[in-house]
Amino acid sequence: MKNEKKSERRLAYILVAPSLLLILAVAIWPVIQSFYFSLFDYRLNNPAKSSLHFDYSLNLERYLESYPFLMSTLKQEITQATGDEKEQLTSLQQKLQQVDEEIRADEEVAKRYEQIDEILNNFEVPSEEIKIVSIDEQAAQHLTKTMNETKQTLKTLNENGQLKQGDKLTGLANGLSGAVIEPNFVGLAHYKNYLGDSRLWKALWNTTVFTVISVSIELVLGLAIALLINKAFFGRGLVRATILIPWAIPTAVSALMWKFLYDGQNGIVAKYFADIGIVNNMSELLTTGAGAMFAVIFSDVWKTTPYMALLLLAGLQTIPSSLYEAASIDGATKWQQFVKITLPLLKSSILVALLFRTLDAFRVFDLIFVLTGGGPANSTETISILAYKVMFSQTNFGGGSALAVIVFICVAIISTIYIKFLGADLISDRK
Amino acid sequence: MQKKAGPLFYVFLFVFVFLVMFPFLWILLSSIKPLSELFGEEAFNWFTSHPTLKSYVSVFVNYPFVKYLWNSTVIATITTVYTVFVAAFAAYAIARLDFKGKSVILGIVLSVSMFPQIATISPIYMFVKKFELTNSYLGLIIPYTTFALPLSIWLLVTFFRKIPFDLEEAAKMDGATPLQTYFKVILPLAVPGIFTTSILVFIAAWNEFLFALTINTAENYKTVPVGIAMFQGQYTIPWGEISAATVIVTIPLVIMVLLFQRRIVSGLTSGSVKE
């Protein structure tokens with residue numbers, strides 16, 4: 001018997017393993033990585049920042065493609081120069097040589113230096129891994145300073161027409177200056193920046209407004225609909241199918257559909273709203289902040305109230321009708337029955353529906369992205385939209401990841417609160 | 001169930017259904033209007049006197065709409081088949097076998113299904129870019145695992161739990177191993193649950209937007225939601241074509257919902273209702 005238990009347990013772990021590994025690889029690991037990315041100034045369109053560095057490093061290929069030629073050209077220039085210029089150029093030459101020696105003082109760097117030099121002398125291309133070498137901070141800063149000084153001096157001299165090979169020299173100095181790669185580790189700077197940025201707070205506020213208003217309306221309407229259709233009637237299946245359709249069509253497609261209906265010139269819903277007096281004139285719906293928020297919430301209510309109603313209806317159907325019969329015999333009014341029987345027994349259904357809907361609403365993306373794009377003037381920009389824009393429009397992956405982590409933390413807080421209320425009901429084994 | 005529906009109830013029902021369906025109805029009516037009647041004064045007429053199928057033709061001639069449909073079908077089908085297959089084993093173990101850490105695992109599954117997509121998009125984007133999977137089917141199938149797998153496991157666990165435990169006991173008595181029990185006894189009984197799960201996972205994968213928008217940007221690999229959303233140009237929005245395309249994707253959905261509504265509802269509500 002004991003062996004049997006053991007083998008059952010082993011089988012269980014084997015069966016669960018593939019799923020767990022997949023979840024770990026495609027969901028949990030990326031979230032951890034997002035957090036890691038958020039600690040760097042990580043930009044895809046900037047070669048110096050398109051990977052993650054903790055330390056200063058030197059691109060030896062770039063350095064050695066310029067440095068020797070810069071030195072030899074400087075030497076020629078010095079022999080031809082006189083007076084003040086000669087002094088300036090000699091001083092530059094000495095400084096460059098000094099900093100070159102400083103870099104090579106490190107044994108590891110010196111070895112790599114030779115290696116790359118040889119590869120370049122053979123007209124070959126060094127591989128990515130070996131050409132980047134990390135150097136200590138002091139040397140790096142010294143090098144950067146010298147390079148900038150060289151660039152500046154040569155540029156001034158060249159502009160004054162005091163150099164024979166001016167363009168060549170400034171070109172080489174420019175080539176040299178891109179060789180130092182600064183660390184792009186910024187710690188929690190992104191978080192600090194965004195938490196002090198009014199745009200983030202506006203986005204969080206918009207997200208909260210959208211979530212709270214749409215979820216409350218959906219709950220009240222959904223509950224009302226569930227109570228009304230919780231009875232036997234003709235055409236039940238058809239009604240059920242009807243209310244499933246808004247839920248089932250892609251949000252992006254329904255958002256586009258609403259954009260047509262809300263259109264300031266030709267939108268039928270905009271026209272009806274203006275006729276009823278919900279808005280002053282048709283174009284207000286998508287061109288004013290309040291109008292756009294209303295439009296977004298209205299579309300969301302249209303799309304997800306039926307879903308809410310279905311979840312609550314299923315909960316209602318588990319309440320035994322004998323309870324209501326007993327209550328009405330005791331003389332309880334309909335309202336008393338609703339408050340004393342329906343609501344308490346529906347509590348866990350309501351909480352589960354609220355949990356799923358709140359989280360869905362909080363991470364809303366497609367609806368707003370397609371319907372308003374976050375506009376007008378960021379008035380419907382939610383936190384997910386903001387994170388997307390920072391990542392893919394500004395190609396700032398570090399900052400975008402920080403925002404994504406903020407969304408993640410908010411979602412975690414919301415679920416913790418709900419789960420506190422729900423207890424372990426949700427995952428317990430119901431035998 | 002005890003209450004009887006009166007005529008007022010049917011009026012309410014009709015109004016409700018009409019309001020829910022109104023946007024679709026309007027899109028359907030707009031899709032057969034000639035272009036000139038979509039704008040200006042005539043835009044608010046319910047019925048056109050010159051119905052035309054021009055918008056429908058244009059959707060197929062001027063846009064790679066068939067390609068979008070095909071891409072979505074392939075991606076959603078493969079995602080569904082593979083995640084439900086992997087999830088079925090895990091769900092069986094969680095629902096029927098006795099082992100430690102069960103609720104922890106189910107807790108992880110549930111939490112992952114609540115992850116906001118935006119929190120995983122940057123590493124996943126870097127990953128598909130590094131392995132040159134952008135603009136490929138695999139480039140979406142892998143990220144779709146993030147929501148499809150937890151959803152499948154969650155739904156299947158509730159379905160597996162509903163199968164009577166006596167059957168397993170009987171099989172054990174007859175000397176069947178757990179794996180034999182799984183394939184010979186549980187799996188055949190779980191077919192309806194697996195089918196329901198597949199429908200819901202398929203719909204989720206078909207409707208996905210954020211990953212599809214960022215990863216498959218080439219015309220030839222766009223999915224339906226992204227394809228239609230990108231119909232809108234910089235300055236003009238081809239409402240006729242958009243209406244027609246919306247109708248085209250909605251019709252199969254209506255048929256599917258009509259056929260499977262019971263299953264879909266049971267899937268949506270399972271796990272949220274204590275029985």
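This is a predicted model: local features need pLDDT of at least 70, side-chain atom pairs count only at pLDDT 80 or more; totals for chains, interfaces and linings use all residues.
## Two chains and their contact

Biologist: Does Glu325(A) count as buried or exposed?
Modeller: A residue is buried if 20 or more other C-beta atoms lie within 10 Å of its own, and exposed if 12 or fewer do. Glu325(A) has 11 C-beta neighbours inside 10 Å, and therefore counts as exposed.

Biologist: How does the domain assignment divide chain A, and how many Å separate the centres of domain 1 and domain 2?
Modeller: The assignment gives chain A a domain 1 at residues 57-181 and a domain 2 at residues 192-426. Taken over C-alpha atoms, the centres of these two domains of chain A are separated by 61 Å.

Biologist: What share of residues 204-418 of chain A is helix?
Modeller: An unreviewed UniProt entry lists residues 204-418 of chain A as "domain: ABC transmembrane type-1". The end C-alpha atoms of residues 204-418 of chain A lie 19 Å apart. Strand makes up 0% of this span, and the share that is helix is 79%.

Biologist: Turning to chain B, how many helices are there?
Modeller: The C-alpha atoms of chain B fill a box of roughly 75 × 65 × 30 Å along the principal axes, and 45% of the 275 residues of chain B count as buried. Read along the sequence, the pattern of chain B is α-α-α-α-α-α-α-α-α-α-α. Chain B has zero strands, and the number of helices is eleven.

Biologist: How far apart are the end C-alpha atoms of residues 181-206 of chain B?
Modeller: In an unreviewed UniProt entry, the spans of chain B listed as "transmembrane region" include residues 140-160 and 181-206. Residues 140-160 of chain B are 100% helix and 0% strand, with end C-alpha atoms 29 Å apart. Residues 181-206 of chain B are likewise 100% helix and 0% strand, and their end C-alpha atoms are separated by 34 Å.

Biologist: Which helix gives the largest share of the side of chain B that touches chain A?
Modeller: The contact takes 84 residues from chain A and 83 residues from chain B. By class, the side of chain B that touches chain A has 63 nonpolar, 15 polar and five charged residues. The largest share of this side, 14 residues, comes from the helix at residues 239-269 of chain B, which is H11.

Biologist: Are H10(A) and H11(B) roughly parallel or roughly perpendicular to each other?
Modeller: Among the residues that meet in this contact are Leu244(A) and Ile245(A) from H10(A), with Val257(B) and Leu258(B) from H11(B). The contact of H10(A) with H11(B) has ten nonpolar, two polar and one charged residues. The axes of H10(A) and H11(B) come within 9 Å and cross at roughly 110°. Angles of 65 to 115 degrees count as roughly perpendicular, so H10(A) and H11(B) are roughly perpendicular.

Biologist: How many other C-beta atoms lie within 10 Å of Phe260(B)?
Modeller: Phe260(B) is found in helix H11 of chain B. Phe260(B) and Thr196(B) are 64 residues apart in sequence, yet their C-alpha atoms are 8.4 Å apart in space. Phe260(B) is partly exposed, and the number of other C-beta atoms within 10 Å is 18.

Key: Residues are numbered from 1 along each chain as its sequence is written. Chains are lettered from A and ligands numbered from 1 in the order in which they are written. Domain bounds come from an automatic or database domain assignment. UniProt positions are given in the numbering used here, feature names are shortened, and annotations may be inferred rather than shown by experiment. Helices (H or I, at least four residues) and strands (E, at least two) are DSSP runs, numbered from the N terminus. Two residues are in contact if their C-beta atoms, placed from the backbone, lie within 7 Å. Ala, Val, Leu, Ile, Met, Phe, Trp, Tyr, Cys and Pro count as nonpolar, Asp, Glu, Lys and Arg as charged, and the others, Gly among them, as polar. Axes are lines fitted to C-alpha atoms, for helices over the stretch in contact, and angles run from 0 to 180 degrees between N-to-C directions. Angles under 35 degrees count as roughly parallel, over 145 as roughly antiparallel, 65 to 115 as roughly perpendicular and the rest as oblique.
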